Amino acid sequence: MTEFFPSIETPIPYEGPDTDNPLAFRWYDADRVVGAKTMAEHLRFAACYWHSFSWDGFDIFGEGTLDRPWINAPGDQIEAAKVKMAVAFEFFEKLGVPFWSFHDRDIAPEGATFAESVSNLTQMVDEAEAQMERTGTQLLWGTANAFSNARYQAGAATNPDPEVFAYAAAQVCAALDATHRLNGQNYVLWGGREGYDTLLNTDMKREQEQLARFLTMVIEHKHRIGFRGTILLEPKPYEPTKHQYDYDVAACHAFLERFDLMGEVCTNIEVNHATLSGHDFAHEVAAAFGAGIFGSVDANAGDDRLGWDLDRFPISVEQMTLGMYEILKGGGFTTGGMMFDAKLRRQSIDRNDLFHGHIGGMDVIARSLLVAHALLEDEVLAGPVQERYSGWDGEFGSQILGGELTLVDLQERALSVAEPPRVSGRQEALENLVARYIDRAS
Ligand code: XUL
Ligand code: CO
């Protein structure tokens, strides 16, 4: 097949911050060592299949704008899927991105029957295996699209009809098998329609119990087939439903505790989903590490003025630095990575715009890694935080936390001690410090 991106050299080079070449990395230098790991090892970048290759720019107001000739192409659908896959791997290889991610329906068309869908998927997994072998691209995660087909209008696992639950279970079984075959590092469950639009027709308690049963079956299957990757829930508060059960990291944590699934499942945190749930990206990362359920990141961001899921390539070094700082502080990625669940704006119709989006996003995150690493190395934030809580490390604090003192003990003590002195929280000074580290990153 002729190349789809003929003007791009393989792979995109690193040329440093001073380059004027828009098709070179300025910050992402894969082999550069930062602390104990290379940038590539720290960040484990992945590109996604769906936004870049299965979407032609259509939105609710209008038709597609992007040049994706294999979409809705007449003729054999598997042939079109193979063309799409060849272009996707040409892109991954030319970008030099080490990982990719897919939904079952992105790589293989849904058939007229379930059997046909499975057969389509199997053929395309064969194809993916060959492309991965050829290019060295690895699979960060696979997932099932159990939200686009009309059968899932009322949810997949949380559907009021057990037949739909069963269909989704069959689909996830095939998608997990496919992910296992392709040596995926993780398997993601984003609950597209697992939530409700109105409580007037919804039994929330029952739906959550169904969701837990579904997840338990997925975990059982993972162990049965010997899949060694991590199962990840991807929190999102709403959109497409009015309320999604996996609302945020805290809701996922409560769900996992409630149904005794801790230790088996972690979270895939998406930057803009964090924002939509009323949190900062860094908050969601810190919450996940705090609960022991940090897994992976979908690095796409939103827009300050638009309150929906925009899937923009990240452009804020500050936002990504604060999240990266929490990731490094927590010990970094294990099976997870930085996945671009990001899409072009629909006016970005030049083929190379796909490179510009990913290069920019990878540079922003690589630069954020450098800043976050320096902040951590110099202990400029850890020092003040440790100092702030130092009372808790002393004898008195330890007695309280150790359960040696009662409410009455503390009341009696209050009668004889002076008012505790107040100290500054120094927020502005700390923000200035972060800004200084961003200025200095090199
Ligand atoms: C939807 C979203 C999904 C998941 C995978 O907002 O983020 O693309 O990442 O299903
Ligand atoms: Co996502």
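**Charge pairs and burial in a predicted model**

Biologist: Why does Asp303 count as partly exposed?

Modeller: In this predicted model, Asp303 has a relative accessibility of 29%. Buried means under 20% and exposed over 50%, so Asp303, at 29%, counts as partly exposed.

Biologist: What makes Arg312 and Asp303 a salt bridge?

Modeller: Their closest N and O atoms are 2.9 Å apart. The cut-off is within 4 Å, so the pair qualifies as a salt bridge. Arg312, at 21% relative accessibility, is likewise counted as partly exposed.

Biologist: Why is Lys205 called exposed?

Modeller: Its relative accessible area is 53%, and exposed means over 50%, so Lys205 is classed as exposed. Lys205 forms a salt bridge with Glu209, and both residues lie in helix α7, four residues apart. Glu209, with a relative accessible area of 35%, is partly exposed.

Biologist: How do you know that Asp56 has no salt bridge?

Modeller: The nearest side chain of opposite charge, Arg346, is 7.7 Å away. A salt bridge requires the atoms to be within 4 Å, so Asp56, although buried, has none. The side chain of Asp56 does reach the backbone nitrogen of Phe58 at 3.2 Å.

Biologist: Why can it be said that the pair of Asp67 and Arg351 ties together parts that are apart in sequence?

Modeller: Their side chains meet in a salt bridge at 2.6 Å, N to O. Asp67 lies in the loop between α2 and α3, and Arg351 in the loop between β12 and α12, so the pair ties together parts that are 284 residues apart in sequence.

Terms used. Residues numbered from 1 in each chain as written. Chains lettered and ligands numbered in written order. Predicted model: local features only at pLDDT ≥ 70, side-chain atom pairs only at ≥ 80, totals over all residues. Heavy atoms only, no water. Buried < 20%, exposed > 50% of the residue type's maximum accessible area, 1.4 Å probe, protein only. Lys, Arg positive; Asp, Glu negative; His and termini not counted. Polar contact = N/O pair within 3.5 Å; in protein donor to acceptor, adjacent residues only side chain to side chain. Helix = DSSP H or I, 4+ residues; strand = E, 2+ residues; numbered from the N terminus.
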